[in-house]
Amino acid sequence: MSNRCRLLVAGVLLWSLGCGPEADPPAPATPAPAPATSSEPSTTPSFPLRDVTAGSGIDFVHDNGADGRRHYPETMGPGLALFDADDDDDLDLYVVDGGPLPGGRERPKPPNALYLNRGDGTFERAEGEDRAGDRGYGMGVVVGDADGDGSPDLYVLNFGPNALYLNDGQGRFRLQPSGAEDPGWGVSGSFFDADGDGDLDLYVANYLEYSLDEPPCQAGNLEIYCSPEQFPPAADALYLNRGDATFERAVDAGVAVDGRGMGVATGDLDDDGDLDLYVTNDRSPNFLYYTEGGRLREAGIEAGVAYSGTGMAEGGMGAVIADLTGSLRPAIFFTNFQKEPNRLYLADEMGFFDDHGLQAGIGLTSQEMVGWGIAALDLAGNGYLDLAVANGHVFDNAEQFVVGSAFALPDQLFLNRGGRFDLEPFPGTPLSSRGMVSGDLDSDGDPDLVVAGCGAGLQVWENVLGQRANFVTLDLVGEKPNSSAFGAQVRAEVGERTLLREVTSGGSYASHSATTLHLGLDGAAQVDRVTVRWPDGTLQSAGPLPAGTDWRWVQGGDPVARAPTP
Amino acid sequence: MSRTSSPAGWIAALTLVASLLGASPAARSQGADPEAAFQAGVQALRAGQVYDAIERLRLAELARPDDPQLQVLLGQAHLAAGLWVPARRNFEAALAADPGDGLAAFMVGYTLYLSARYPEAEEALARAQTMARDNPNPTIYRALALLRLGQLDEAELQLDLAGRAARDDPAALRGLAEIALARDDLEAALGHAAAAASRAPTDVETRILLGQIQLRRGEAAAALPDLERLANEHSNRSDVLYVYSQVLLRSGRREAGRQAVERFRTQKAVEERIRLLEAELSVDPGNLERRLDLVEALLSNGQPGTARIHLGPAVRDHPGDPRVQTLADRVRR
């Protein structure tokens with residue numbers, strides 16, 4: 001036993017010791033035609049998503065490298081991203097992979113996978129050396145236009161040096177020596193303009209200091225993964241873009257050093273026009289950073305979002321920032337470890353946050369889960385963002401020593417009824433889920449969902465509740481170099497209501513969802529007026545935008561209707 | 001890691017521990033007699049001398065491990081000392097010895113609840129309900145377990161079933177307050193929490209809950225006086241200091257709030273260290289250095305009772321070690 005006494009009784013002790021508001025959403029619509037599949041999709045009556053994995057063409061199986069030594073990284077991935085890699089107006093999928101860890105049986109490391117969309121929601125794996133097939137031990141990924149050329153690039157977070165891949169605009173990537181090859185255990189990241197110079201900087205959440213020499217922990221005679229508290233936190237990093245996709249690590253920029261970083265979400269929490277950050281940490285207080293004049297000001301404790309209500313540092317996992325209550329105030333939602341409720345923080349007028357998860361119906365119902373990735377998506381088009389949560393235990397043998405639990409846990413869907421949520425457990429055989437992303441896979445106008453399992457495959461869920469006629473979609477293209485438009489804020493007026501949406505990168509856990517905005521109309525005929533506050537603060541308005549239409553809006557121009565996909 | 005030795009050896013060692021840790025003369029005179037240790041343990045428990053009781057009853061347990069009465073008493077002593085896991089084991093042993101013992105059945109469920117094992121607690125308490133129909137506690141704590149599982153309606157139903165007992169029981173009133181809070185009925189939440197506080201004015205958790213509800217109502221200033229008192233009374237509890245710091249900050253007393261945040265951070269670090277040391281010792285109980293570190297940390301944190309329990313094995317195994325003697329003296333003082 002090492003001198004840090006890393007046995008697991010200790011581990012277990014430490015780990016176990018987180019329409020209008022009144023109206024029901026529309027009844028489930030007639031399910032949209034399924035993509036061409038080779039087998040019947042799995043459908044559960046009334047559940048708003050159906051499993052179309054089998055016919056999706058996605059055959060990815062995560063290789064976590066587990067070979068019995070129980071190295072901690074094995075149980076932490078993978079993340080994934082949805083974005084249009086090849087500029088053909090549909091969403092492609094990128095998934096990071098693990099592979100063998102040093103010291104075990106030697107075999108080739110599987111590359112990360114890029115799946116290109118055929119245009120109908122089915123995918124084909126892209127082959128070739130220029131497909132960002134990074135061979136580090138992958139944990140997460142984030143997407144953004146790092147070099148300001150107008151196409152989305154990939155930043156891959158690894159257990160080990162991270163990697164930046166620049167996109168030529170056609171879905172072909174080259175490795176860029178960036179200066180942001182953070183050597184630590186990166187998990188999640190986010191592109192945002194930290195210093196107000198127009199280009200995209202990068203926040204990297206690092207987990208903890210871990211050596212592969214560490215032995216596994218034990219629970220009685222059972223070998224298990226160790227607890228995070230048995231390792232020191234690894235410092236996060238802020239990388240400032242020099243404007244050419246090379247970065248330098250910011251010093252004295254206010255980055256806190258004592259968190260075991262897991263999730264990173266961005267949003268304008270103080271409504272001052274720039275993106276702020278919320279970083280979930282595992283067994284250490286979460287961070288809230290306000291971006292102020294090129295620096296980050298950490299205010300988690302004072303704002304009331306660092307600890308639980310009684311001052312406990314929880315096992316924070318994934319995070320999103322979005323208007324989840326229809327109150328035109330961005331909320332912070334994050335997932336937690338077992339016995340700790342997922343939390344929904346809302347700020348008051350003074351900037352103090354309170355956890356409303358209990359009142360919203362998403363707190364106590366998550367307590368028996370270990371939550372990871374999150375997708376905030378309006379499934380029905382009622383103008384409220386629902387929440388999908390990826391669950392799965394850390395312990396691959398949880399069944400043997402955590403009473404009533406298991407490695408694979410059911411994911412949860414929380415349907416938003418105007419700021420209060422109703423739980424719908426996912427049907428079917430659960431994964432031990434980690435990353436989760438949303439986006440319109442089949443170009444039918446509503447958002448779908450993809451979940452990645454640790455040491456398992458992906459699950460692709462098609463939205464069968466939404467109807468194109470209940471949405472207007474909007475793709476924002478910012479002025480270069482921030483063509484990704486991260487930091488843009490949209491207010492969409494729909495009848496008596498106003499929807500608040502933001503374009504951001506990262507979020508969830510180790511993942512990046514598509515950035516197309518799905519504006520739910522709740523039966524209205526149009527979005528009356530859309531106002532965009534672009535990242536540089538300029539305002540533009542347009543409208544009306546009729547129901548069932550898709551728009552692309554380049555900063556400075558007018559929104560342009562995109563040809564509807566047949 | 002585990003240590004084996006004869007019961008006789010344990011009895012002698014525990015007797016030594018008891019004497020070194022300042023057992024009463026009467027208790028010391030009982031020597032190694034298990035029956036005398038049992039009686040002394042019962043007396044100590046009645047007198048509220050929890051740590052004495054644990055020592056005596058553990059001594060007695062060596063001779064009569066299957067005695068359900070002894071297990072229940074030892075479980076109660078462990079519970080009073082905040083040692084939920086050994087307490088549960090005692091109650092489980094009592095229940096195994098007498099499957100019809102409704103009190104033991106309730107206590108198993110109750111300790112599971114305290115350990116945050118809510119699904120199991122709910123099941124155990126449901127069983128206990130059927131075994132002790134006159135006792136409202138299984139019903140009340142089953143309701144609280146259901147509350148923790150997010151089943152608010154069912155929790156409320158159970159509290160209704162508990163009837164008048166629930167309306168007078170501070171734990172049940174706290175549960176009602178939390179249900180109201182979950183339903184965003186802050187007025188009702190405040191009323192229930194205030195009622196709980198009036199029935200259990202020294203209960204820290206209730207006062208914290210009351211403060212949290214006031215915070216949620218935007219009444220930080222109203223929460224301040226009691227939390228200030230609480231922070232002074234329990235300066236060695238980070239949860240108290242945390243809520244106090246939030247109340248100060250939200251009352252507009254930013255500087256005092258920041259100072260309270262610093263106190264909270266400092267206290268948090270102390271508690272984290274204690275928790276880590278306890279975890280390490282749970283898997284390596286023979287590590288004397290860690291044990292002495294833990295005892296020192298507990299004494300510094302104003303927890304002589306817990307320090308005493310953790311020092312026991314060191315006194316038993318290293319009676320001649322001057323560091324052990326010094327700490328034993330401090331514990332006695």
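This is a predicted model: local features need pLDDT of at least 70, side-chain atom pairs count only at pLDDT 80 or more; totals for chains, interfaces and linings use all residues.
Trainee: Which residues have the most contacts inside the largest nonpolar core?

Mentor: A:F191, A:Y203, A:L476 and A:V530. That core has 52 residues. Strand β11 of chain A, residues 201-206, supplies the largest share, 4 residues.

Trainee: What is A:V530 in contact with, leaving aside neighbours within four places in sequence?

Mentor: Its partners include A:L474, A:V490, A:L519, A:L545 and A:W553. A:R491 and A:Q540 are also among them.

Trainee: And what does the second core include?

Mentor: B:F106, B:Y118, B:A124 and B:L125 are among its 41 residues.

Trainee: Switching to the interface. How much area do chain A and chain B bury between them?

Mentor: About 3,200 Å², with 58% of it on carbon and sulfur atoms. The contact takes 35 residues from chain A and 39 from chain B.

Trainee: Which chain A residues lose the most area to chain B?

Mentor: A:I301, A:E302 and A:F352. Together they make up 18% of what that side buries.

Trainee: How many salt bridges are there between chain A and chain B?

Mentor: The count is 4. In one pairing, B:R275 bridges to A:E229, with the closest N and O atoms 2.4 Å apart.

Trainee: Which element gives the most to the chain A side?

Mentor: α1(A), with 4 residues. By type, the chain A side divides into 18 nonpolar, 9 polar and 8 charged residues.

Technical notes
Residues are numbered from 1 along each chain as its sequence is written. Chains are lettered from A and ligands numbered from 1 in the order in which they are written. Side-chain values use heavy atoms; hydrogens and water are left out. A nonpolar core is a set of buried Ala, Val, Leu, Ile, Met, Phe, Trp, Tyr and Cys residues joined through side-chain atoms within 4.5 Å. Buried means under 20% relative accessible area, exposed over 50%, partly exposed in between (1.4 Å probe, protein chains only). Helices (H or I, at least four residues) and strands (E, at least two) are DSSP runs, numbered from the N terminus. Contact means heavy atoms within 4.5 Å. Buried area is the accessible area (1.4 Å probe) that two parts lose on being put together, summed over both. A salt bridge is a side-chain nitrogen of Lys or Arg within 4 Å of a carboxyl oxygen of Asp or Glu. Ala, Val, Leu, Ile, Met, Phe, Trp, Tyr, Cys and Pro count as nonpolar, Asp, Glu, Lys and Arg as charged, and the others, Gly among them, as polar.
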